[in-house]
Every structure is written in C-alpha cells, then in structure tokens.
Amino acid sequence: MKKLENPIYVTQPSLPELEEFIPYLQQIWDNKILTNNGPFHQQLEKELANFLGVPYISLFANGTLALVTALQVLRITGEVITTPYSFVATTHSLWWNNIKPVFVDIEPEFGNINPEKIEAAITPKTTAILPVHVYGNPCNVERIQEIADIYGLKVIYDAAHCFGVNYKGKGICNFGDLSILSFHATKVFNTMEGGAIICHDKATKKRIDYLKNFGFAGETTIMAPGINSKMNEMQAALGLVQLKHYQENIAKRKAIVDIYRKELTTINGITILPIPENTDLNHAYFPIFVDEKNYGITRDQLYERLKQNNIFGRRYFYPLISEFPMYKGLDSAVPSNLKTAKQLAERVICLPIYPDLDIELAKYICKNIKN
Ligand code: T4K
C-alpha cells in the first residue's frame, strides 16, 4: 500500500481555537492569580462535578500525582492488589508510597482485573484493591465491591481512561472509595497535563485538598505531610474551554470507531473488544488483538508494517508492568500467574483514534490491516 505523506500517531490532542482561550488568559494576566485554588480552578471543579455526575472532585497537576495522593488520603499501607495490564503509573504510585504491589491476572473479555482471582491474592497485609478501567471499559465494579466489603478493603479505581464514561446511568467514578482521572494531552479531555480525585463526602474532599497543598489548613496550620500536586489556573482555564467541546469530540471519535468496527470485525486473526453492556463509552482507545496463527504474521510484524506506511499505533500495554525490572522480582509477577495479561500484551495494537482523524484515513488504516 502507498505510504502516507504525513505520519498519523495513536492520538493527537484536541485543542479549542486559540481565540476562544485568549479571554481566559487575559483574565489570568489581569488578576494575577496563577495557582492555589484560583477562580478557574474552583469553577472547573464545580463544572466537572456536575458534568461527571459525581459529588466531589479535586483537581491535580496530573493523574500520577492524583494516584500517589489518593493512596495517602486513605492511608493505604502494606500490600495492594492491582493489575499488570496498565500504564506504569498505576503501579509506580504504590511504589512511591512504599506499598507492595500484588499483581493478579485480568479477564480476557475487556482486559480488566479478574475479580475471581482477587481473593486468592489477599493476605493479612492487604489493605486495598487498585483496579484500572482499562481503555475506558468498566471493571466488574459490583463484584470487586463485594470482595472489598467481605475483607474490609478499600477500592481506588485508576479511571485515567474513563473521563465521561457512565455505567448503569451513573458516572463511573461513583464506584469504589476513590477514583482518579487523567487529563493528559493524550486523553479524551485534556488540560495539557492534569488529573483529579473523585470522592463521595465533604470530609474526604477536605483531606484531599489539604494533602495536595502541603497539608495547609490555614496560614500556620499543617494537617498532614502533604505534597504539592495542585492544578494551576492555565490548566483549569483550558479545561473550562475544552469541556464545551467534549460532546462534539466524542461524537467524532464514535464515527471513527464505527468505521473500525465495520471494517475490522471480519478479518481472520484480528479481534476487537466487544461493546460493554449498560455503558456510555468515551472511545478513548481502539485496541486490536493479532492472533498470529490465523492472521498469518505476528503482532510486531503488523506493527512495523503499519509504521512503514506512517501509521504509528501503540502497543498499550506491552510489556506488562510486572515485567519491568523494579517489579519482575515480585512473587506475583511470575508469568504463570498472569497468563491472560501476557497473551493480551503480546497481541495488542492500539490504532490511531482522535476527533480530527479523517474518516478516509481510518479506512486507509483498515485497508492496511486487511492487506
Ligand atoms: N493510569 C493510567 C491507566 C494511565 O494510562 C495513565 C497515563 C496514568 C495513570 C497517569 O496519568 P498522567 O500522570 O499521565 O496524567 C502516554 C501518556 O503520557 C500517559 O498520560 C498515558 N497514561 C499513556 C497511556 O500514554 P506515552 O509515553 O505513550 O506518550 P507519548 O508522548 O508517546 O504520546 C503518544 C502519542 O501521542 C505521540 O506519539 C504523539 C501524540 N502526542 C503526544 C503528546 C504528549 C501529541 O500529538 N501531542 C502531545 O503533546 O504515554
């Protein structure tokens, strides 16, 4: 197939027209409030809580700091059960809190943590479960909560892929004790860098806000050994403008997904994820899985072939987190414990998807895979 003139990457950040953002910048320049719970920060917290259908949200400089802080908020210690099939930040947040990650395998349907494997991994040191709604598809939240309730564990969802996802008519971030979001450039809603913690009550929101601002509860009062993980006013202002375009962007993503689903379902050796029930999706990622035997070439051969034609997909999430040097020595990191995760990681390619991806280019990508 003919090589594309310009490269297409797995994603391209959505940005509003610059003119739309200028008045917000002007306001920051006029009032000289740049950070520390400024007016745009407060406004974005209100608008997002409303938009996401959640009671309390606290904005962060990025999703990783939100994760690291969330573990402090609930005073999580000892061991935490988590998934190896995610971005490294999920497990790194445990490491930064001196918590031992305990990996359990994923379920093959959506690639989320397999709830039926959780109980066997619980020890007297386990204090929490840290699942990921990978690619924006909800985990089995009911079953995970049931297990957490029986064993007295906290649940913190890494919902970095899940902005705007609803499950059974409710914002997905209403499940678990806390959820974290990422507003990184590569996410469906971006503030360049950014993130958030979602919680259910006022007291917890207060504690989160102390912790993200050094622990300050007043000019001379420190409530806890906090960190500086606040979102600044430029990020918050951008978030306010981005929110106005969110629905339109999701509709454009859906149009790409419709092409991919239509064109790729019938290819021997290529599998795509099913559509989850009772869920409003955000179409953040479009993973395909390559079965070498039926497709004829390996995942990596297809990956390279696409690259040669200027199509830069990504192998999210390969290698597994449990295979990185700092985690591979853990008992739970042994491959025999993580067979499904290994299989998905070795087969996955996430195809380019973003609102401004031309429909014709999406069709061209499919043709490359069919060829
Ligand atoms: N938990 C989960 C489950 C996550 O997936 C993530 C982040 C986090 C936690 C942590 O949240 P943050 O602390 O990041 O808020 C990217 C992102 O850096 C990362 O945010 C994301 N997950 C992960 C899945 O993907 P890379 O290393 O693949 O990014 P990069 O820079 O290679 O970008 C991919 C492509 O996007 C580039 O080839 C081109 C395009 N791009 C990227 C950027 C940054 C642009 O066109 N413009 C840009 O500004 O990690």
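Student: In S8, what is the bridge partner of asparagine 166?
Tutor: Asparagine 166 has glycine 171 as its bridge partner in S8. Strands here are DSSP runs (E, at least two residues), helices likewise (H or I, at least four), numbered from the N terminus. Please note that this is a predicted model, in which local features need pLDDT of at least 70, side-chain atom pairs count only at pLDDT 80 or more, and totals for chains, interfaces and linings use all residues. Residues are numbered from 1 along each chain as its sequence is written, and side-chain values use heavy atoms, with hydrogens and water left out.

Student: Over how many bridges do S7 and S8 pair?
Tutor: Strand S7 (residues 166-167) pairs with S8 over 2 bridges, in the antiparallel sense. Two strands count as paired if DSSP finds at least two bridges between them.

Student: And which sheet do they belong to?
Tutor: They sit in an open sheet of 3 strands, ordered S8-S7-S14, with antiparallel pairing. Strand S8 (170-171) and strand S14 (279-280) are at the edges; each has a single partner strand, so one side of each is left without a neighbour in the sheet.

Student: Now S10, please. Is it buried or exposed?
Tutor: Strand S10 (residues 195-199) has 5 of its 5 residues buried, so it is largely enclosed by the rest of the structure. Buried means under 20% relative accessible area, exposed means over 50%, and partly exposed lies in between (1.4 Å probe, protein chains only). Both faces of S10 are covered, with Gly195, Ile197 and Cys199 on one side and Ala196 and Ile198 on the other.

Student: Which strands are joined to S10?
Tutor: Strand S2 (residues 56-60) is joined to S10 by 5 bridges, running antiparallel, and leucine 59 has alanine 196 as its bridge partner. Strand S9 (residues 178-182) is joined to S10 by 4 bridges, also antiparallel; there, serine 179 is partnered by isoleucine 198.

Student: What about the domains of the chain?
Tutor: The domain assignment gives domain 1 (18-243) and domain 2 (246-370); such bounds come from an automatic or database domain assignment. Their C-alpha centres lie 25 Å apart.

Student: How many residues of domain 1 are in contact with domain 2, and how much area do the two bury?
Tutor: In domain 1, 40 residues are in contact with 38 residues of domain 2, where contact means heavy atoms within 4.5 Å. The two domains bury about 3300 Å² between them, 66% of it on carbon and sulfur atoms. Buried area is the accessible area (1.4 Å probe) that two parts lose on being put together, summed over both. On the domain 1 side, Phe103, Tyr135 and Val188 lose the most area to domain 2, together 22% of what that side buries.

Student: Which residues have the most contacts inside the largest nonpolar core?
Tutor: Those are Leu48, Tyr85, Tyr135 and Phe163, in a core of 75 residues. Helix H7 (residues 233-264) gives the most to this core, with 8 residues. The core draws at least three residues from each of domain 1 (18-243) and domain 2 (246-370). A nonpolar core is a set of buried Ala, Val, Leu, Ile, Met, Phe, Trp, Tyr and Cys residues joined through side-chain atoms within 4.5 Å.

Student: What is phenylalanine 163 in contact with?
Tutor: Leaving aside neighbours within four places in sequence, phenylalanine 163 is in contact with residues including Leu48, Phe51, Val188, Tyr246 and Asn282. There is also a second, separate core of 28 residues, which includes Leu264, Ile288, Leu302 and Ile349.

Student: Changing topic: where does histidine 133 lie?
Tutor: Histidine 133 is in the loop between strand S5 (126-130) and helix H5 (141-151). Histidine 133 is buried, with a relative accessible area of 0%. Beyond four places in sequence, the contacts of histidine 133 include Asn112, Cys139, Asp158, His161 and Cys162.

Student: And phenylalanine 324: buried or partly exposed?
Tutor: Phenylalanine 324 is partly exposed, at a relative accessible area of 24%. Its place is in the loop between strand S16 (311-312) and H10. Not counting residues up to four places away in sequence, phenylalanine 324 touches Val88 and Pro319.
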